[in-house]
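User: Could you walk me through this model? I'd like to begin with contacts and then move on to other topics.
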2 protein chains.
Amino acid sequence: MREGPDIARIASLVGDPARANMLSALMGGTALTASELALEAGVSLPTASSHLSKLMEGGLLTLASQGRHRYYGLAGPQVAGMIEAITGVAASVGPQRVRPGPRDAAMRVARVCYDHLAGEQAVAMLDRLVDKQLLLREDKEIRLAPAAASHFAAIGIDVQAKPRRPVCRACLDWSVRRSHLAGTLGAAILDKILAEKWARREKDSRAVVFSPVGRQAFEKVFLA
Amino acid sequence: MREGPDIARIASLVGDPARANMLSALMGGTALTASELALEAGVSLPTASSHLSKLMEGGLLTLASQGRHRYYGLAGPQVAGMIEAITGVAASVGPQRVRPGPRDAAMRVARVCYDHLAGEQAVAMLDRLVDKQLLLREDKEIRLAPAAASHFAAIGIDVQAKPRRPVCRACLDWSVRRSHLAGTLGAAILDKILAEKWARREKDSRAVVFSPVGRQAFEKVFLA
DNA sequence: ATAATGCTTCGATGAGGAATGAACTATGCG
DNA sequence: CGCATAGTTCATTCCTCATCGAAGCATTAT
């Protein structure tokens with residue numbers, strides 16, 4: 001019989017699909033609320049709450065209470081490194097997708113990620129917004145630059161309001177393996193894309209398909 | 001809902017105490033039979049066999065059949081790195097062991113990590129190699145400096161050959177919480193240490209114990 | 001051959017834990 | 001104060017999966 005650090009205890013915490021999804025969501029580096037994490041994991045709020053207390057007890061998470069909001073975040077870089085290591089193994093032994101079909105191709109270009117845009121388009125957009133100094137990338141976090149308010153106001157997006165959810169969030173794109181923009185700003189931009197009918201959602205899929213005209217408009221506004 | 005690599009599947013494989021013990025035992029680097037692993041894990045042979053087939057199916061182990069013996073080993077350095085990362089988290093959040101026994105002290109100084117050296121000695125060695133500008137630390141990666149080839153050749157280690165595995169890799173040390181050297185170079189150095197009989201492996205443990213003479217030789221070559 | 005060893009498969013049992021709705025607590029707003 | 005939102009706790013149901021004994025294969029020894 002072996003002794004030493006209880007690795008089974010830690011691994012089994014990550015070994016539940018709901019908890020694994022929560023931890024993956026937190027790999028963005030931003031703390032999230034219990035409801036957001038419940039959504040990410042696809043479970044009810046009580047279930048999420050139960051998982052979160054287990055993760056807390058296991059020392060994998062930190063908790064910051066602000067008013068009636070409770071923000072959960074990864075306990076530290078060491079935990080993040082562990083998740084990364086597990087993800088690496090899972091990706092390398094995982095079922096290499098047999099062949100990306102046409103739907104998958106569309107998914108890689110643009111798709112919905114919960115409430116914001118993901119895929120190549122989304123990654124390019126975030127890069128461009130940072131280039132134009134409208135957003136500031138700080139380590140794994142993203143902040144609004146001073147110039148952002150007026151710029152986004154001009155295209156009908158208000159970034160001044162203080163909602164319960166962070167305005168900007170980095171979300172790791174699983175197809176491109178780089179970050180795209182989440183948070184309320186990311187959500188507002190997706191709303192605009194759909195409201196302006198620049199693109200439509202594929203039926204029963206997360207894919208987002210731009211029309212030729214819509215793509216031009218999108219590029220003019222966000223990739224110029 | 002998240003997508004991507006199935007990290008829960010991998011983590012849950014490690015999340016069972018019996019399987020975790022088996023994997024820990026295999027971190028010693030030597031392949032073991034099912035009976036030996038059953039003993040390590042403290043379960044019956046049928047139970048162990050069942051666990052082993054799950055680990056195989058998950059791609060975490062390799063199997064080498066020799067006659068009526070079947071030797072199980074870790075599937076590769078990536079898997080070993082993952083176990084090490086989980087061990088690190090478990091050690092830091094876990095109930096700080098009441099009192100580190102003598103074996104633990106030896107483990108902290110020097111131990112085998114799959115196929116290379118870990119512990120205080122290993123961390124000090126990497127620091128020194130970087131100081132001497134034989135290795136270049138870049139972010140989380142490690143590269144060979146131009147001067148490396150001739151230096152290592154002089155002590156009988158060839159870093160020119162292009163293997164499929166990286167020559168240098170950083171591996172986070174769970175006891176010191178800093179990186180040590182993995183990769184083919186790390187493995188070659190451990191080989192040399194054991195071949196020169198500077199140190200011997202503790203029986204039934206991952207600890208590596210240097211002899212007084214061996215330590216001097218090691219320090220002269222790698223810590224000078 | 002027959003026996004012995006090493007290991008896997010099968011079948012039955014049992015315990016842990018993941019899930020949810022409903023009830024409860026806490027904070028914020030008008 | 002009363003209402004709404006955010007979150008936790010509770011009790012219950014359900015199901016997966018770890019476990020072991022017994023039996024079945026496969027390889028080596030005699």
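Analyst: A polar contact here is a pair of N or O atoms within 3.5 Å. With that in mind, and remembering that this is a predicted model, a polar side-chain atom of A:Thr47 lies 2.9 Å from a phosphate oxygen of DNA strand C.

User: How many residues surround DNA strand C, and which are the closest?
Analyst: There are 18 residues around DNA strand C, and the closest are A:Thr47, A:His51, B:Ser35, B:Ser49 and B:Tyr72. Of the atoms of DNA strand C that come within 4 Å of the protein, 74% belong to sugar and phosphate.

User: Which element gives the most to that surface?
Analyst: Helix 4 of chain A does, with four residues. At least two residues each come from helix 4 (45–57) of chain A and, in chain B, from helix 3 (34–41), helix 4 (45–57) and strand 3 (69–74). Sorted by class, the surface near DNA strand C holds five nonpolar, seven polar and six charged residues.

User: Switching to rings: how many aromatic pairs are there over all chains?
Analyst: A search of the whole structure finds four aromatic pairs. In one of them, the ring centres of A:Phe210 and A:Phe218 are 5.2 Å apart and the planes stand at 55°, so the pair is tilted.

User: Are A:Phe210 and A:Phe218 buried or exposed?
Analyst: Both A:Phe210 and A:Phe218 are buried, and together with A:Phe222 they form one aromatic cluster.

User: What about B:Phe218 and B:Phe222, where do they lie?
Analyst: They sit in helix 10 (residues 212–223) of chain B, four residues apart, which is about one turn of the helix.

User: Last topic, helix 7 of chain A: how many residues does it have?
Analyst: Helix 7 (residues 120–131) of chain A has twelve residues and reaches 16 Å from its first C-alpha to its last, close to the 16 Å expected at 1.5 Å a residue. Its buried residues include A:Gln121, A:Val123 and A:Leu129.

User: And what follows helix 7 of chain A?
Analyst: The helix is followed by A:Gln133, whose phi is positive, near 60°.

Note on methods: Residues are numbered from 1 along each chain as its sequence is written. Chains are lettered from A and ligands numbered from 1 in the order in which they are written. This is a predicted model: local features need pLDDT of at least 70, side-chain atom pairs count only at pLDDT 80 or more; totals for chains, interfaces and linings use all residues. Side-chain values use heavy atoms; hydrogens and water are left out. The expected span of a helix is 1.5 Å times one less than its number of residues. Buried means under 20% relative accessible area, exposed over 50%, partly exposed in between (1.4 Å probe, protein chains only). A residue is near a molecule or strand if one of its heavy atoms lies within 4 Å of it. A polar contact is a pair of N or O atoms within 3.5 Å; within protein, one must be able to donate a hydrogen and the other to accept it, and residues adjacent in sequence count only if both atoms are side-chain atoms. Ala, Val, Leu, Ile, Met, Phe, Trp, Tyr, Cys and Pro count as nonpolar, Asp, Glu, Lys and Arg as charged, and the others, Gly among them, as polar. Rings of Phe, Tyr and Trp (its six-membered ring) pair if their centres lie within 6.5 Å; planes under 30 degrees apart count as stacked, over 60 as edge-to-face and the rest as tilted.
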